[in-house]
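Good morning, and thank you for joining.

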Amino acid sequence: MTDPSPHTANTTIAAATSELAALRDFVRSHIMAAGFTDFEVNGIVLAIDEACANLIRHGYHNDASKTIDVIVDVTGPDIRIDILDTATSFDPAVVPRPDMHRYAADRRRGGWGVAIMMRVMDAITYTPIGATGSKNRLTLVKHRPLIR
Amino acid sequence: MTTTFTVTSATADRRTIRVAVAGQLDAHTASDLEAALHEVIGRGDVRLVVDFAALDYISSAGLGVFMVFIEQVRAAGGDIKLAAMQPKVHMVFDLLGFQVLFEIYPTVDEAVRAFPEVAS
């Protein structure tokens, strides 16, 4: 289902990697008519997958009783995707850039997600929200093309 | 919705093993690939060509699986060569600069022929 008109949409997934495929379909369906190339759509979908996969594994430790809210906003000159969770706060901006050769030598299988997000999106901001600061919002922004 | 991913392996020319991946390779299915590679490499097969032709999606969790094994395989005189990626999958390898570590070929046949011949 593709909605070409300006709109917002939201979904809630359990903190389980089995939810990621449906989440990717959800994000794709809401941004694919926003004027991006297929290449850009694939990149944005990947960035959201990476953000949520990190949250599921590192934030929630695969506790599927926890949830993640994802809000896609396709109303302005930028598309904006908010990811909300109640896990331990985590700001991707503090993650060092991965060193490919060192990762191979160390047999590291992870640590790429933030690098992907940074390269694909135009802006990523982390905001602690809520009275206790126990809820987090990660906002990923991509400028929409003016003329294609 | 369940993520669909399959991995199969078969012998190919030049004493290589063709590992064919299909579907979506993400944080949910990466463990399936890791188990399959663990089994192949555990048998002593270290000349591997991964056929990506039927793979529709990959995230960094999928890329990470190859990182786990590459040093071990090369130390044993082999390699993991990657082949036949769709552009949307190749894009992810490009994003992270994985060409620095992995040889990526347009076709499986080219990847197989990139291995030195073995005297029989």
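Let me begin with a term: a polar contact is a pair of N or O atoms within 3.5 Å; within protein, one of them must be able to donate a hydrogen and the other to accept it, and residues adjacent in sequence count only if both atoms are side-chain atoms. As to conventions, this is a predicted model, in which local features need pLDDT of at least 70 and side-chain atom pairs count only at pLDDT 80 or more, while totals for chains, interfaces and linings use all residues. Residues are numbered from 1 along each chain as its sequence is written, chains are lettered from A and ligands numbered from 1 in the order in which they are written, and side-chain values use heavy atoms, with hydrogens and water left out.

With that in place, consider Asp51(B). A polar atom of its side chain lies 3.0 Å from the backbone nitrogen of Ala53(B). Asp51(B) belongs to strand S3 of chain B, residues 47–58; helices (H or I, at least four residues) and strands (E, at least two) are DSSP runs, numbered from the N terminus. Is Asp51(B) buried or exposed? It counts as buried, because its relative accessibility is 9%; buried means under 20% relative accessible area, exposed over 50%, and partly exposed in between, with a 1.4 Å probe and protein chains only. Leaving aside residues up to four places away in sequence, Asp51(B) has contacts (heavy atoms within 4.5 Å) with Arg18(B), Val19(B), Ala20(B), Val21(B), Ala83(B), Ala84(B) and Val108(B).

Ser60(B), in helix H2 of chain B, is also buried, since its relative accessibility is 7%. Beyond residues up to four places away in sequence, Ser60(B) touches Glu50(A), Arg109(A), Trp112(A), Gly113(A) and Ile116(A).

I turn now to the helices of chain A. The 12 residues of H1(A), 20–31, should span 16 Å at 1.5 Å a residue, and the end C-alpha atoms are 17 Å apart, which agrees; the expected span is 1.5 Å times one less than the number of residues. H1(A) is mostly covered, with 9 of its 12 residues buried, including Leu20(A), Phe26(A) and Ile31(A). The cover over these buried residues includes S1, H2, S2 and S3 of chain A, together with S2 and S3 of chain B.

For H2(A), 22 residues should span 32 Å, and the end C-alpha atoms are 30 Å apart, which agrees. H2(A) is mostly covered as well, with 17 of its 22 residues buried. After this helix comes His61(A), whose phi is positive, near 50°.

Finally, the pockets. On a 1 Å grid over the protein atoms alone, a pocket is an open set of points with protein on both sides within 12 Å along at least five of seven lines, and lining residues have an atom within 4 Å of a point. The largest pocket has a volume of about 520 Å³, that is, the space filled by probe spheres set on the points, which are joined across faces, edges and corners. Its lining has 27 residues, with Arg57(A), His58(A), Arg109(A), Gly110(A) and Ala61(B) nearest the centre. Which element gives the most to this lining? H2(A) does, with 5 residues.

The second largest pocket holds about 230 Å³ of space. Of the 16 residues lining it, Ala51(A), Leu55(A), Asp85(A), Thr88(A) and Phe90(A) are the closest to its centre. Here too H2(A) gives the most, with 5 residues.

Note on methods: 1 Å grid on protein atoms, 1.4 Å probe; cavity = no way out; pocket = protein on both sides within 12 Å on 5 of 7 lines; lining within 4 Å.
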